[in-house]
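Morning, everyone. Please look at the sequence and the fold on the screen, and then I'll talk you through two topics.

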Amino acid sequence: MAQLCKTEYQETFEALRYTADVIAVNPDGEVLLIERGWAPYEGMWALPGGHVDPGETSRLAAARELGEETGVHVAPEDLRQIGVWDEAGRDPRGRYITVAYLVVVPEGTQAVAGDDARTARWWPLGALPQLAFDHADIVGMATNYAGDLSSTDMLMVDLDGGRGGPLPDGIV
């Protein structure tokens with residue numbers, strides 16, 4: 001088999017970037033978003049997420065990015081995968097493939113912007129701002145998926161970050 005020259009190789013193989021996003025929701029029906037502090041979509045709202053580092057799984061990356069961007073720390077095993085988004089053109093920087101995860105956090109979970117986020121805040125699912133990328137589609141899928149979760153699927157942490165704690169009111 002003949003070797004491909006660099007130009008032929010670049011035309012034959014598309015560069016892929018691997019990312020993970022998190023849809024963190026609380027029992028009040030709110031979703032955690034960040035205001036992007038960098039291009040593309042600087043100043044727009046998006047899901048917390050980012051690149052999967054070498055040697056890291058998408059689940060580990062999702063938990064890490066959530067903590068770095070919002071100060072909300074969850075155990076990777078508490079993240080529920082809801083899908084993979086790989087449409088060409090979903091990111092203007094090139095071909096990005098993301099694995100999206102859902103986590104339900106307790107009422108009163110506080111978020112603080114960090115890393116690349118200007119702001120992190122909770123938004124009512126029924127009153128979301130315009131979202132960057134295809135994050136509105138991801139949130140829509142997560143909302144449908146969240147309806148299928150039972151109370152045993154919920155992440156229960158104490159506000160000090162310890163695991164355990166009571167179920168929110170109305171959940172049995």
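Predicted model: local features only at pLDDT ≥ 70, side-chain atom pairs only at ≥ 80, totals over all residues.

Strand E1 first, residues 16–25. Is it enclosed or open? Of its 10 residues, 7 are buried, so the rest of the structure largely encloses E1.

Now its partners. Find Val22: the residue opposite is Tyr101 in E6. Strand E4, residues 49–51, pairs with E1 as well, over 3 bridges. That pairing is antiparallel. There, Thr19 has His51 of E4 as its bridge partner.

Next, the rings. How many aromatic pairs does a search of the whole structure find? It finds 2.

Take Tyr41 and Phe133. Their ring centres are 4.8 Å apart and the planes sit at 75 degrees, so this pair is edge-to-face. Tyr41 is in the loop between strands E2 and E3, and Phe133 is in the loop between strand E7 and helix H3, so the pair ties together parts 92 residues apart in sequence. Tyr41 is partly exposed, at 32% relative accessibility. Phe133 is buried, at 17%.

Then Trp45 and Trp123. This pair is also edge-to-face, with 5.2 Å between centres and 70 degrees between planes. Trp45 belongs to strand E3 and Trp123 to strand E7, 78 residues apart. Both tryptophans are buried.

One more contact at Trp123. The charged end of Arg121 sits over the Trp123 ring, 3.7 Å from the ring centre.

That's my tour. Over to you.

Definitions and conventions
Residues numbered from 1 in each chain as written. Heavy atoms only, no water. Buried < 20%, exposed > 50% of the residue type's maximum accessible area, 1.4 Å probe, protein only. Helix = DSSP H or I, 4+ residues; strand = E, 2+ residues; numbered from the N terminus. Pairing = 2+ DSSP bridges. Phe/Tyr/Trp six-rings, centres within 6.5 Å; stacked < 30°, edge-to-face > 60°. Lys NZ or Arg CZ within 6 Å of the ring centre and 35° of its normal.
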